[in-house]
Structure formats: C-alpha cells, structure tokens
Amino acid sequence: MAEVQLTGVSKRFGRDIGVEGLTMTVGDGAFVVLLGPTGAGKTTTLRLISGLEKADAGEIRIGGQPVTHLTPSQRDVAMVFQQYSLYPHLTVRENLAFPLRSPILKTPEDEIARKVAEIAEVLRIPHKLDNKATALSGGEMQRVSIGRALVRDPQVYLMDEPLSSLDAKLRSDLRIELKRIQADLGATLLYVTHDQIEAMTMATQIGVLDNGRLVQFGTPREIYENPVSLYVASRLGLPRINTLPADMFAGAPPGAATMGLRPEHIEQGAGKPSQITRVEHLGDQTRLHLTLDGHDIITLTDPHTPLKGGESIAIQPRDALYFDAAGARIA
Amino acid sequence: MSSYSITEPPARHKWIAGVLVVTYAIITLLPLVWIVATGFKTPADAISYPPKVLFEPSLEGYVNLFTTRTRIGDEALAALPPPETWYEEIVRDRGMVIAGPSRYGERFLNSVIIGFGSTFLSVFLGTLAAYAFSRFRVPLADDLLFFILSTRMMPPIAVAIPIFLMFRQLGLSDTHLGMILLYTAVNISLAVWLLKGFIDEIPREYEEAALIDGYTRFQAFYKVVLPQAATGIASTAIFCLIFAWNEYAFAVLLTSGTAQTAPPFIPTIIGVGGQDWPAVAAGATLFLLPVMIFTIFLRKHLLRGITFGAVRK
C-alpha cells in the first residue's frame, strides 16, 4: 500500500473545470472520502489518479513515484466504477479472475482459484460464481465489481460510489465489511460517496470539493464540527444544517451574515417562540419543522414527544456557526 | 374473452401475421425450390410445358455440371466396354462419353478463396478502423467517415474501366489477390460504418476497467471489445460475404482463367451442350450452399445484428 500525493493538479474538459489546482495527500493506509455535489470533481480526481485522464497540469505521485506519465495498468491501482463495471461476456468467476490474469500480475491458476473463492465468500456470492455477469441483480453486480478490486493487492483502491446501488441492509453490511477489509489490509483507499453515514463512519479523512477545488480536508469530526464554510457545513448533517440570518438571535460576531445551526444545536424551552408546522416521527427520532420570522427550521426532539403541529415552542441556539456574506466561516 | 393485455396481441392479429409471414415465405422460397428441383430433373423434364411439379429425379444435371462430354457414333459406343460407374452410365444413355472433368470445381474453389478472403480482410480492417473512429480523436473524423461512405454512392461498376486498366498495369488482372483486394475495397466502407455503430454501443467503461485491471489498450480491445462486438462482426461478415460471393460484373470483366469465380462460369454451361438447364440449376444450388451454411452458422448473431437499431434501449 502506498501514499498518494496530488500537487497542483488541474484538468479541464473544454471550458468545463474538472479539477483546479488540487493538492492533497492521501496517507498510507488512509481511508479518504471525497464529498461534493455532482460536478464537483470527485470522479475526475479518481480518474486522474487511475490514469484514465491525463492532467493538464500538476503532479501525481503514488508511493513517492511520479505516475503522471504512466498508463493505468502501470500505476497499479484498483478501481470500482459507479456502473458498467462487469464484463458482460464473462462469468462472475472469470470477472473476478480477470485482473489476476492480466499480463502484469500473471497469477498462477491455483492462486487465482483460492483468491476468487475467498473474495466470493466475503461478498456472499459463492453460489453465483458460474453465472453470467449479466444474470445478476444490480446489487450482486456491484458486489462483484467491488470483488474485482479486492482480489488484487494494488497500491491504492479507488471507489466511485460503490454502494450506491445496493439496498439499505446490504449497504450497511458491506460498509462495515469494506471498512474491516481496509483496516485489515492497511489499504490506502479513496472513496467517493454522497452518503453521510458512509463518509462519517468509514473515513479517516474527508476531502470536500467545490467546483474542482479542495475546500477542506480533515477528519470527519473536523469537517462536521468545524467547517471552513457554509458550503462545507451543508455537505454533512441529516437533516441539513439550518441557515438563518445572523442577527436572528443575539451573540452574532461582527461581519456575520449567516448563522448555521445544526438541528441538534437547537435548545428547546427557552428563547424565541416559534411555530411548529409539522412533526415527523421517524421511529428512532422525531423531527420538528418550525417557522420563526418566516424562516423554516428543522430540529430534533424526543421520539415520544407530545408536541403537535400548530403549537408553539421556544428555541435558542447552542454552538451556532457564523459565516460572512461570501459563506466563509467567521466563528 | 376475458383477459386483455397490452403486450400480448389478440389471437386474430397473430393469425393474420402468421398468414402474411407464410405467404411471404412461399413467395420468396418458391424460386429457390424450383432451382433446387430443376437440378434433379432431366433436360426434357426441365423444359416441359406445362411445367412438371412431380418428376422422376435424376442426377444428370450434376453429372453434366462436373464433366465435359463428347458425342460418339452408335457403333463406337456399342464397341466400348460396359460403363464402370453410375455417372458414366448416365452419360452413355445420352449417347456420349465423358471427356474429362469440367472447370466448375476450380471456379467454385476460386469463389471460396476470393469470397472468404475478402470478407476476412474487410472485417479485419473494418473492425480496426471502426474502433479507431469510435474511441480515438481522429482529425477530421466526420469527413473521413463521409468519404468512406461516399465510395458507395455510385455503383462500383461505374469505375470498371479505370480499375481494369489499373489492374493490368499492376499485374492484378485475373489473380486471386486482385479480386480479394477489389471486393475488400468495395466492402470496407460498409464494414466500417456497420461496425462503428456496434462499437459505439459498447460502453467505454469496460475498456477503462480492463486498463486499470492491468491490460494494455490492445489487450483490452482484444479481450473486452471484440467479444462484445461479436454480433456486429458476424452480421458484417455475412453482408460482406454475400456481396463478394454473388458479384458478377467485375468477375466477368477482370477474370477469365485462373481466378474466375463461379458466377461468370455458370452461364457458360448454357453454351456447352445445348441449353442444359439442370446443370445450370445444379451449379446454382451448390453455389448457394456456402453462404447458406455460413449464415446459419452465424444466424444467432445476425438476427440480433440486423435488428440492433430497433431493439436498442
């Protein structure tokens, strides 16, 4: 396993920015999650590291070696694509063995059989090994394509929303399994997701991308609790962070334009009275939809709350985040 | 009638469709059946009027196709030892003896060499070109593709004279190589266009996955793209073979001896021993077989191939 270093990497597609001046170090054995909306450059970053795209500028090093001019196969990376990843003319077994049979690895057949069986067990598909790849369900296909990366022992694993097409149960099982495998192997893993739980539970670090630029890089805790901007703050948190005018409550620092208030950072029972518009019982938690001076606010409350829509409740902020007019964090 | 389904047409429609299909099949197959039948008739039965549907089968047409024969006097015929083979007997019955084999066999072999040779070359070059057009940034790609297609915008025979002169200069007249190159040149535009469509349909992600899995681009092409393009390659091969196999005009013009294919040869049978229709029909029947076998062999792919535009998502 190896460290991945990107220095000032830029890539444009015509006039569109892919990534711009991206500098980031993914430590040896780190599990880095890339966050950002569609078009922020997450997938482009993975493709640049894998060698499927050539950077316009900047340098990429894997394990200290510059790889900018190497072909994908020479870079020794494994990648799980978001879609279309299985070879439809091969069986599951052949798909899993495909990377091992490559001219670069040339694994002996008994070793291939052993590794394929092992991975099939982990991904719970041993009974499907002789099926055609096209005869699988979406979830099974995705598991096989994860398996095709895991049979190898590459310098880096790159995964582009590998769990997004799975159902909730399988997703949480595989999430734990992936994290376990990564920790066991000490693998360096770069992972793209939209899923907050995946990002928070699996990552050692999170990189937040905005329009091709890395805007913050840190541990999940840092990103969640100490975001550098409103943009970063709204990437994590479910329900999303509430954004309110900074002067709505007392205590705003000078220059603050917006106040970011996470749902769990709203104290109930004191402060300004607000109107309850809706109460959502989700089982393990209950969400209160409030309006205060024409602004919608979402907060959490006791699962067995007696509160009902139409009632009124007093609220006040705790640990609010303050941002200036451009969205940068002030306090 | 109780159930109603949008996807399942009513029984009456299916029945009508069935009748139409069967009628169409009869219309298209009848000439073929007639040719095959004529091959097994005697010359007299072949031209009898009204036409004979039921007749006593004879192999005379096939014997005549593969032999040249000489008429000898009755006395000379009587003086010969009894015929040793069944085909000699058939010929003797007509008051003739076998003078030697005909040239049908070698013409047929020429057709096989030239037809399959040019098909292989067209598909081979076409696949490589189509892959390049589909995957790489080729300068002026659209213009080049249009140029390639434009070679089919006039009948190839329109350039027969320049080609004739060119072939004479290059020493390609009446050679297998010359005919293979000529048919390849005509077929390649079809091959490039058809195959480009098929290769465009194969998502790039498969090759990208293979590149990352440790394969070079050529290996990814060979191991991932080619197997998935099998449908397109098979149907393109059939179209190319059918053209090269049936081509008549250039074959008449450019071949006479060594490289003559079967199509210009079959009509010459008519002139040899009177209008020997059973021999012509026998020659045509045998000539149909290779393309038929080739098509049946690739049928599974062909059906998917020619409907690809219709069933595509």
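The structure is a predicted model, in which local features need pLDDT of at least 70 and side-chain atom pairs count only at pLDDT 80 or more, whereas totals for chains, interfaces and linings use all residues. Residues are numbered from 1 along each chain as its sequence is written, and chains are lettered from A and ligands numbered from 1 in the order in which they are written.

Chain A comprises 331 residues, of which 41% are buried (20 or more other C-beta atoms within 10 Å of the residue's own, with C-beta atoms placed from the backbone). The C-alpha trace of chain A spans about 70 × 45 × 35 Å along its principal axes. Chain A contains 9 helices and 17 strands (DSSP runs of H or I with at least four residues, and of E with at least two, numbered from the N terminus). Among contacts in chain A with a separation of 6 or more, 63% join residues 24 or more positions apart; two residues are in contact if their C-beta atoms, placed from the backbone, lie within 7 Å.

Chain A is divided into domain 1 (4-228) and domain 2 (242-323), with bounds from an automatic or database domain assignment. The C-alpha centres of domain 1 and domain 2 of chain A are 38 Å apart.

An open sheet of 4 strands in chain A has the order 15-14-13-16, with antiparallel pairing (pairing requires at least two DSSP bridges between two strands). Strand 13 (residues 266-281) and strand 14 (residues 286-292) of chain A pair in the antiparallel sense over 6 bridges. A:His281 has A:Thr286, in strand 14 of chain A, as its bridge partner.

Between the chains, 20 residues of chain A are in contact with 15 residues of chain B. On the side of chain A that touches chain B, helix 2 (72-75) and strand 6 (77-80) of chain A are the elements giving two or more residues. Strand 6 of chain A gives the most, with 3 residues. This side of chain A has 14 nonpolar, 6 polar and no charged residues (Ala, Val, Leu, Ile, Met, Phe, Trp, Tyr, Cys and Pro count as nonpolar, Asp, Glu, Lys and Arg as charged, and the others, Gly among them, as polar).

Methods. Buried ≥ 20, exposed ≤ 12 C-beta atoms within 10 Å, placed from the backbone.
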